[in-house]
Amino acid sequence: MNAQQNDEETPLLQRPEQPTAKTPLPWDQIWILLLLEMPELLSSRTLAPFIPQLIRDIGVTHGDESQVGHYAGILQSSYYAAHTLTIFYWSQLSDHIGRKPVILTALLAISISMFSFGLSKTFFALVVSRVVCGAFDASDSMAKSMLMDITDATNMPKACSYLPIPGTIAGAVGPLIGGSLSRPADRFPDIFGRSEFLKTYPYLLPCSISAFFILTIWLVTYIRLKESVPTKAPLWELIKGGFFGQKPRQPLSNVIVDPDEVKSKPLPLRALLTSKVLSVTASYATTGLFQMGINSVLPVFYATPIELGGLSLEPPRIGILLAASSVIHGIFQLLFYTRLIDCFVTNALARAYGIGMAVWLCVVVQLMLKTILSMCFPCMVLFIRAAAPNRASLGATNGIAQVAVAVARIIGPASASSVFSYSLQKEHDAWSIYYFFIAIVFLAVGTALSLPRDPSVWEDSQ
């Protein structure tokens with residue numbers, strides 16, 4: 001006789017067979033939500049190719065190449081530091097006043113911050129621009145919350161399968177914009193050589209193009225997106241009631257969710273901190289820590305001189321590589337999950353033979369293996385929805401997960417870039433960055449083991 005299973009994934013009672021019919025996806029809203037997945041990644045990936053050169057240009061490192069990675073990590077982490085302090089409140093606020101006002105605010109803030117970044121001439125101004133962007137950017141979180149609102153258990157996995165598509169597009173277009181159009185007066189003298197303005201602000205053009213694209217998404221969202229929260233409370237009433245005091249919530253006439261969900265109410269923070277929410281939050285955070293560490297180190301590695309351990313690539317080539325990474329992710333998203341590729345093997349070939357075919361082959365293989373990590377994040381959306389105590393608290397539950405992953409993304413770029421800079425110094429171990437990422441991988445795998453094989457196990461137990 002087989003041993004009886006006692007794990008949490010075994011139901012105590014046999015449930016009747018569930019209907020197999022799947023609810024059709026509401027494509028009139030899904031395509032807008034996919035657009036809303038793009039602004040955060042488009043803005044950050046537009047900046048990535050030229051940030052190392054920008055840091056050199058403003059002189060904050062005083063000519064010390066080993067410090068470029070350190071300041072690049074601080075710049076990236078400043079966004080997530082501000083994001084951490086505000087994302088839960090934006091998410092919780094959206095449960096009360098609706099998702100759409102929060103999304104429109106976020107898109108406008110991203111656009112303004114991109115213009116500001118392109119006009120910045122000091123490191124402090126660059127940090128302020130990224131802090132403003134991080135403090136108001138809730139578009140990605142709200143898009144996922146709305147996706148949870150308008151789908152059910154039968155069609156949400158299919159909806160989540162489309163989430164990598166806008167990321168692939170933004171991840172490919174952003175680096176091409178940033179790498180190709182930075183310093184346009186130097187790169188395209190026949191077209192922009194007479195523009196003193198672009199010579200003074202050599203990184204404004206790529207930032208402006210991304211900002212205008214995000215403003216276009218704002219316009220589409222304002223016109224076409226329908227609110228998905230079935231009831232709402234006036235913002236002024238929330239403020240008078242202690243910001244998130246429980247006030248009567250007014251039903252909306254134009255929503256796209258089940259009317260039965262009107263009966264549920266958003267729960268306070270303490271009621272949301274269940275074991276399920278904490279498990280998926282821990283897994284989400286450690287996976288985000290690994291991804292952000294890798295993503296922050298690669299552009300700096302490519303831009304670092306060969307003699308110091310990098311590849312000495314210019315921003316246009318870095319942009320092409322990062323764009324290729326996103327394209328590879330879109331094509332091979334169903335292939336195997338990789339942990340880490342050793343960057344120093346590529347540098348050894350560059351030292352011995354220069355930037356030849358062998359080096360480019362290693363870089364392509366490296367990017368192919370790295371990008372599949374992003375496939376973990378659509379799966380996290382399924383677990384977050386399953387872990388939420390009720391449908392009215394989806395935004396706040398998602399906010400808790402976003403706070404944790406934002407903290408990880410603060411630590412990831414700053415720590416990984418600093419460890420990389422540390423490893424470049426002669427008296428230090430060149431393999432330090434490798435050991436750093438291996439440790440994070442073990443941590444991420446350990447937290448993932450606490451999740452059930454199927455998110456529906458959690459939903460069935462509610």
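The model is predicted, so to speak of local features we require pLDDT of at least 70, and side-chain atom pairs count only at pLDDT 80 or more, whereas totals for chains, interfaces and linings use all residues. Residues are numbered from 1 along each chain as its sequence is written, and side-chain values use heavy atoms, with hydrogens and water left out.

I begin with D28 and K226, whose closest N and O atoms are 3.7 Å apart. D28 belongs to helix α1 (residues 27-36) and K226 to the loop between α13 (204-224) and β1 (231-232), so this pair ties together parts that are 198 residues apart in sequence. Helices (H or I, at least four residues) and strands (E, at least two) are DSSP runs, numbered from the N terminus. D28 is partly exposed, at 36% relative accessible area, and K226 is also partly exposed, at 29%. Here buried means under 20% relative accessible area, exposed over 50%, and partly exposed in between, with a 1.4 Å probe and protein chains only.

I turn next to D149 and R99, where the closest N and O atoms lie 2.8 Å apart. Helix α7 (residues 139-150) holds D149 and helix α5 (residues 99-119) holds R99, so the pair ties together parts 50 residues apart in sequence. Both residues are buried.

Finally, D186 and R183 form a salt bridge at 3.0 Å, N to O. D186 is exposed, at 55%, while R183 is partly exposed, at 26%.

Technical notes
Salt bridge = Lys/Arg side-chain N within 4 Å of Asp/Glu carboxyl O.
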